[in-house]
Amino acid sequence: MTLSPVLLVTGSAGLIGSQAVRHFAALGWTVHGIDNNMRADFFGPDGDTTWNLQRLQHDIPGYQHHVLDIRDRVAVDRAIAEIPADMIVHAAAQPSHDLAASRPFDDFDVNAGGTLNLLEATRRHRPEATFCFMSTNKVYGDAPNELPLVELDTRWEYQRPEDFGGIAEDFRIDRSKHSLFGASKVAADVMVQEYGRYFCMKTVCLRGGCLTGAAHSAAELHGFLAYLARCVVEGRPYRIFGYKGKQVRDNIDASDVCRFIERFHAAPRCGEVYNIGGGRSNSISMLEAITKLEAIADKRLSWEYVDENRSGDHICYISDLSKMKSDYPGWDITVPLDSILEDIVRVLHERSID
């Protein structure tokens, strides 16, 4: 009898984690998830992922959930020793710029310390496993803001033709303001690379642009697109922080992230790095997103403008996907931006009925 491959996902009730559970379970994998719902501690009721965990447990009969804090080194080591994982998708994180400034030890202990706990346990017990780390474009700090920009009616745009494709992986990560969150993710990102290069482990850092989707338990401090949609649908007031509301993000649906993870596992590399986002086609400014979501939800958003931008925030960020597409030519964006927005609004309506 052939045993099914085994996946271990951290942050399994969050956006990327829960999508990984669904994606690989559908492929016949045995899936274990680690999540202690610390997002609720970070962000309050808006961040609570209980609703998403309950859906996973209902929809995926073989899913095995473990309530575990990745800061607990002994517990992490025990879990990875006991779970025969062929791949580990590490999606657990403290993801907010602003929260990191008020809780720096929690931020670093989760993002950097937790990642090191997982890497070392993997090296000891599962050295042949693929290790996929959900990093962030904030490892580049605010250096992307140094690129020449032009102001258009509804967005900021790259001025030079050579920048049109967006930020590539060789963009510098130092000599810029990252926020403490960005700094803790840099530490984790470099450590994941080092375990790949030094110990010849199959590791990859996926430096996410705006990772989004209907499973996002978004809050004002994290989850731009899903939180904006929530404000439109639920009639909440919304605040725009700086840059005239013309700041641009590229948005990728969690399902496309998981499709790439599947490709990487099939042909892994050691210590690799990729920028993963929606690219040029799925880019949108805050003002443009408001207009689209108001049309989809058939509601008007009440918003106010705060002149001061968030410290270290990007003005215009688009992920250059050319390296990913070159190394893995079967992968591309499959979920267009309008479909992402429609799906988020649909699930928000469903949750209001539940």
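**Questions on a predicted model**

Biologist: Which helices each supply at least two residues of the lining of the largest pocket?

Modeller: This is a predicted model, and its largest pocket holds about 250 Å³ of space. The lining is made up of 16 residues, with Gln 19, Arg 22, Ala 214, Ala 215 and Asp 343 lying nearest the centre. The helices that each give at least two residues to the lining are H1, H3 (50-59), H9 and H12 (337-353).

Biologist: Is strand E12 largely enclosed by the rest of the structure or left open, and why?

Modeller: Strand E12 (residues 272-276) pairs with E8 (residues 202-208) in the parallel sense over five bridges, and Leu 206 stands opposite Tyr 274 in that pairing. Both of its faces are covered, with Glu 272, Tyr 274 and Ile 276 buried on one side and Val 273 and Asn 275 buried on the other. Because five of the five residues of E12 are buried, the strand is largely enclosed.

Biologist: Which residue in E5 is the bridge partner of His 90?

Modeller: His 90 is found in strand E4 (residues 87-90), and it is buried, with a relative accessible area of 0%. Leaving aside neighbours within four places in sequence, the contacts of His 90 include Ile 70, Thr 115, Leu 118, Phe 131 and Met 134. Across the pairing of E4 with E5, the bridge partner of His 90 is Phe 133.

Biologist: With the side chain of which residue does the side chain of His 90 make a polar contact?

Modeller: The partner is also listed among the residues in contact with His 90 once neighbours within four places in sequence are left aside. The two side chains come to 2.7 Å, and the partner is Thr 10.

Biologist: What is the relative accessible area of Cys 210, and is the residue buried or exposed?

Modeller: Cys 210 lies in strand E9 (residues 210-212) and, not counting residues up to four places away in sequence, touches Phe 224, Arg 249, Asp 250, Asn 251 and Ile 252. Since buried means under 20% relative accessible area, Cys 210 counts as buried, its value being 12%.

Biologist: How far does the backbone nitrogen of Ser 285 lie from a polar atom of the side chain of Glu 288?

Modeller: Glu 288 has its place in helix H10 (residues 286-297). Leaving aside neighbours within four places in sequence, Glu 288 is in contact with Thr 154 and Arg 155. From a polar atom of the Glu 288 side chain to the backbone nitrogen of Ser 285, the distance is 2.9 Å.

Note on methods. Residues are numbered from 1 along each chain as its sequence is written. This is a predicted model: local features need pLDDT of at least 70, side-chain atom pairs count only at pLDDT 80 or more; totals for chains, interfaces and linings use all residues. Side-chain values use heavy atoms; hydrogens and water are left out. Buried means under 20% relative accessible area, exposed over 50%, partly exposed in between (1.4 Å probe, protein chains only). Helices (H or I, at least four residues) and strands (E, at least two) are DSSP runs, numbered from the N terminus. Two strands pair if DSSP finds at least two bridges between them. A polar contact is a pair of N or O atoms within 3.5 Å; within protein, one must be able to donate a hydrogen and the other to accept it, and residues adjacent in sequence count only if both atoms are side-chain atoms. Contact means heavy atoms within 4.5 Å. On a 1 Å grid over the protein atoms alone, a cavity is a set of points where a 1.4 Å probe fits but cannot get out, and a pocket is an open set with protein on both sides within 12 Å along at least five of seven lines; lining residues have an atom within 4 Å of a point. Grid points are joined across faces, edges and corners, and a volume is the space filled by probe spheres set on the points.
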